[in-house]
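Here are my notes for you, written for someone opening this entry for the first time. Keep the view open beside them and follow the points in order.

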Amino acid sequence: MGKLFGTNGIRGVVNEDMNIELAQGIGKAWGTLLKRKIKRPKVAICTDARLSNHMLKNAISAGLLATGCDIVDVGLVPTPTLQYAVKKKGFDSGVIITASHNPPHFNGIKGVAADGTEFTKDVEDEIEKIYFEKSYKLADWKDVGNVSFWDGSIDLYINGILDAVDAEAVRAEKFHVVLDCGNGAGSLVAPILLKKLNCKLTELFCEPDGTFPGHNSEPLPENLTELIKTVPKVKADIGIAQDGDADRAIFVDEKGNYIWGDKSLALGAKYATRKKGGIAVTPVTTSSCFDDVVKENNGKVIHTAVGSPIVARVMIDKKAVFGGEENGGLIFPEMQYCRDSAMSIAKILEIMAKENKTLSELIDEIPKYEVYKTKMPCPHDKKEIVMKNLANQTKNDSGVLEVDETDGVKLYLKDGWVLLRPSGTCLLY
């Protein structure tokens with residue numbers, strides 16, 4: 001993990017570590033790197049709904065403009081909307097001002113490559129190197145960048161999703177959906193998409209508000225009590241929740257049962273590999289139910305380190321048919337190589353329609369495993385020592401069938417597995 005960039009960009013507390021000096025410096029470093037290969041880079045930028053969005057957007061834009069990059073401001077949109085726009089409209093890069101599911105006093109900066117995927121670690125390391133060395137290359141006064149605005153990214157994105165799924169099959173079912181956008185950026189896309197799919201819609205917290213008045217933006221069971229209660233109350237077919245920047249979706253079945261992300265991920269993998277098998281990619285943290293459904297379809301699972309950018313890159317390299325993380329971040333290559341909540345929503349509804357089954361019936365077909373997660377404190381400079389000691393102490397243990405060091409130390413046992421890994425989320429506080 002770099003000094004600034006973590007698993008999903010740079011995050012920190014607004015006006016403390018995540019401030020305009022940092023944002024402008026990152027913008028200058030980012031622009032300097034782009035200008036090494038591209039004469040006049042064109043960069044798309046967006047924000048989520050947080051109150052500090054314009055402050056940080058303007059600061060990083062100033063840095064990019066100073067190096068001679070042109071900025072196209074697409075406004076307040078979900079993270080995957082910006083990623084899709086970068087890929088489809090030929091931008092050289094993209095910037096997302098978001099802290100995803102973190103509390104409202106946090107914000108962050110996420111980078112997007114020209115193909116719509118998140119930055120690789122090599123690119124992030126190079127930006128950090130330029131930033132810390134202050135080796136910026138600023139443009140001559142007559143060559144600084146320009147700013148323009150474009151409001152077409154949402155239509156482009158929604159139409160892309162409708163083309164990537166069997167929209168007519170979904171429309172024919174007239175599903176009743178309870179949607180909880182958590183006052184996040186998904187409020188600007190998901191309601192429109194569901195109406196275009198002929199769904200009856202009951203909306204909860206579908207107004208963008210950076211204070212997150214409805215509930216905390218992490219779609220955990222304790223934050224979705226209203227959604228869980230409302231689905232059976234209104235006799236809906238499904239409940240859907242998004243996180244703050246709408247790259248992840250969590251589902252509630254028609255009975256009001258919260259569906260953990262490993263189950264929806266396994267459901268996606270099952271139907272992606274059902275006809276022709278293929279490769280499915282997921283981190284080492286994912287439940288074994290994912291492996292089971294893929295192998296049942298004669299598919300192959302590749303496990304990676306944690307992080308959607310890592311999963312996406314392996315999917316591209318191995319031509320995978322599906323991938324994602326067990327936190328509700330599903331990746332459908334037929335749409336784009338990133339976590340995408342709106343595409344996940346449309347795809348789960350498509351599966352329900354084409355299988356003519358309720359969500360609870362579909363989830364009941366997924367193998368069941370107990371999963372327990374916890375966190376423990378560890379000084380940053382001791383993490384590597386802890387990992388090495390655990391690996392060395394268990395390699396000759398007769399009860400350990402295999403030791404996997406892809407990310408941390410994963411011990412495969414007779415009746416399950418145990419994983420100890422250092423957190424890759426970099427919070428600047």
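**Notes on the sheets and helix pairs**

1. Start at the hairpin of E9 and E10: there are 6 residues between the strands, and Ala 246 takes a positive phi near 60°. Helices (H or I, at least four residues) and strands (E, at least two) are DSSP runs, numbered from the N terminus. Before going on, note that this is a predicted model, where local features need pLDDT of at least 70, side-chain atom pairs count only at pLDDT 80 or more, and totals for chains, interfaces and linings use all residues. Residues are numbered from 1 along each chain as its sequence is written, and side-chain values use heavy atoms, with hydrogens and water left out.

2. Gln 242 has Ala 249 in E10 as its bridge partner. On its way to E11, the chain makes another hairpin, with 5 residues between E10 and E11, and here Gly 256 has a positive phi near 90°. E10 and E11 run antiparallel and are joined by 2 bridges, with Val 252 partnered by Tyr 258 in E11.

3. Buried means under 20% relative accessible area, exposed over 50%, and partly exposed in between (1.4 Å probe, protein chains only).

4. Now zoom out to the sheet. It is open, has 5 strands in the order E8-E7-E9-E10-E11, and its pairing is mixed. E8 (200–204) and E11 (258–259) are the edge strands with a single partner strand each, so one side of each has no neighbour in the sheet. Helix H8 (residues 225–233) packs on this sheet, touching E7, E8, E9 (238–242), E10 (249–252) and E11, and its direction makes about 160° with that of E9. Contact means heavy atoms within 4.5 Å; axes are lines fitted to C-alpha atoms, for helices over the stretch in contact, and angles run from 0 to 180 degrees between N-to-C directions. The parallel part includes E7 (residues 176–180) and E8, paired over 5 bridges, where Val 178 sits opposite Thr 202 of E8.

5. E17 (residues 409–413) is antiparallel to E18 over 5 bridges, and Lys 410 has Leu 419 in E18 as its bridge partner.

6. Next, a helix pair: the axes of H9 (residues 261–273) and H10 (residues 288–296) come within 8 Å and cross at roughly 15°. H9 and H10 are therefore roughly parallel to each other; angles under 35 degrees count as roughly parallel, over 145 as roughly antiparallel, 65 to 115 as roughly perpendicular and the rest as oblique. From H9, the contact uses Asp 262, Leu 265, Ala 266, Ala 269, Lys 270 and Thr 273, and from H10 it uses Cys 289, Phe 290, Val 293 and Val 294. By class, that contact has 7 nonpolar, 1 polar and 2 charged residues. For these classes, Ala, Val, Leu, Ile, Met, Phe, Trp, Tyr, Cys and Pro count as nonpolar, Asp, Glu, Lys and Arg as charged, and the others, Gly among them, as polar.

7. H5 (residues 153–164) and H12 (residues 341–355) pack at an angle of about 30°, with axes 10 Å apart. That makes H5 roughly parallel to H12. Tyr 157, Ile 161 and Ala 164 of H5 meet Ala 342, Met 343, Ala 346 and Lys 347 of H12, a contact with 6 nonpolar, no polar and 1 charged residues.

8. 5 of the 6 residues of E2 (residues 42–47) are buried, so E2 is largely enclosed by the rest of the structure. E2 pairs in parallel with E3 (residues 70–76) over 6 bridges, and Lys 42 stands opposite Asp 70 in E3. Trp 141, in the loop between H4 (121–133) and E6 (147–149), counts as exposed at 72% relative accessibility.

Conventions
Pairing = 2+ DSSP bridges.
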